[in-house]
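I set out to record how packed helices are arranged in this model. Two packed helices are described by the angle between their axes and the distance between the axes.

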Amino acid sequence: MVEAALAAAPPDAVALQLREKDLEGGKLVELARELRVICDRHRARLLVNDRLDVAIASRADGVHLPANSFAVADARALIGHDRLVGVSTHEPAEVIAASRAGADFVVYGPVFDPISKGAYATARGADGLIAACDAASIPVFALGGISATRVREMRAQIAIAKAQKALARPAGVAVIGAIFVSPDPADAMRDLIDALA
């Protein structure tokens, strides 16, 4: 599934985040190393969720920190300045705090109710995403219920907001269900890339 999705994306256009909470360290490193090979083949970045040790051992391009994880400064001290540090955020104030702490990017959401799992927080909608982007000094990626159709809807809403005031826009999207729930991950990836273009 990962191979098919990444093969459908332009080189250097996407990143894969390994977010696996049920594997023990050794197995997780093995999986990360397998994914590193696939990502290298398709020129995609590999990020590891929360596990700095696994990110380092697998030569991942970076780590993504949940809201209750390591401080950005501690992650940076361990992972170095040549790798990315991303942070999950849910409010514009958290976007600002992550930026000030030295994060390279944030993932903001949920923008909509998730496709792949139950709702874990109140959906922020496109207006919430616009506010987060407006507060940001680093790239913001929209997460939560993102599909190609919703990307197109968000683009229209952001265009209206930008016409009224100069606003930053999201750097991209982070998805799970839009790709992995699809019967054809490659086609789903192409549709998302087209919606973002």
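Entry 1. I looked up helix α5 (residues 92–101) and α6, whose axes come within 8 Å and cross at roughly 30°. I took axes as lines fitted to C-alpha atoms over the stretch in contact, with angles from 0 to 180 degrees between N-to-C directions. Helices are DSSP runs of H or I, at least four residues, numbered from the N terminus. The angle makes α5 roughly parallel to α6; angles under 35 degrees count as roughly parallel. I noted the crossing of α5 and α6 as right-handed, that is, with the near helix turned clockwise from the far one by less than a right angle.

Entry 2. The model is predicted, so I note that local features need pLDDT of at least 70, side-chain atom pairs count only at pLDDT 80 or more, and totals for chains, interfaces and linings use all residues. Residues are numbered from 1 along each chain as its sequence is written, and side-chain values use heavy atoms, with hydrogens and water left out.

Entry 3. Which residues make the contact of α5 and α6? I found P92, V95 and I96 of α5 with A131, A132 and A135 of α6, contact meaning heavy atoms within 4.5 Å. By class, I list six nonpolar, no polar and no charged residues there.

Entry 4. I then turned to α6 (residues 125–135) and α7 (residues 148–164), whose axes come within 10 Å and cross at roughly 55°. The crossing is right-handed. A126, L129 and I130 in α6 meet M154, Q157, I158 and A161 in α7.

Key:
Helix = DSSP H or I, 4+ residues; strand = E, 2+ residues; numbered from the N terminus. Parallel < 35°, antiparallel > 145°, perpendicular 65-115°, else oblique. Nonpolar A, V, L, I, M, F, W, Y, C, P; charged D, E, K, R; others polar.
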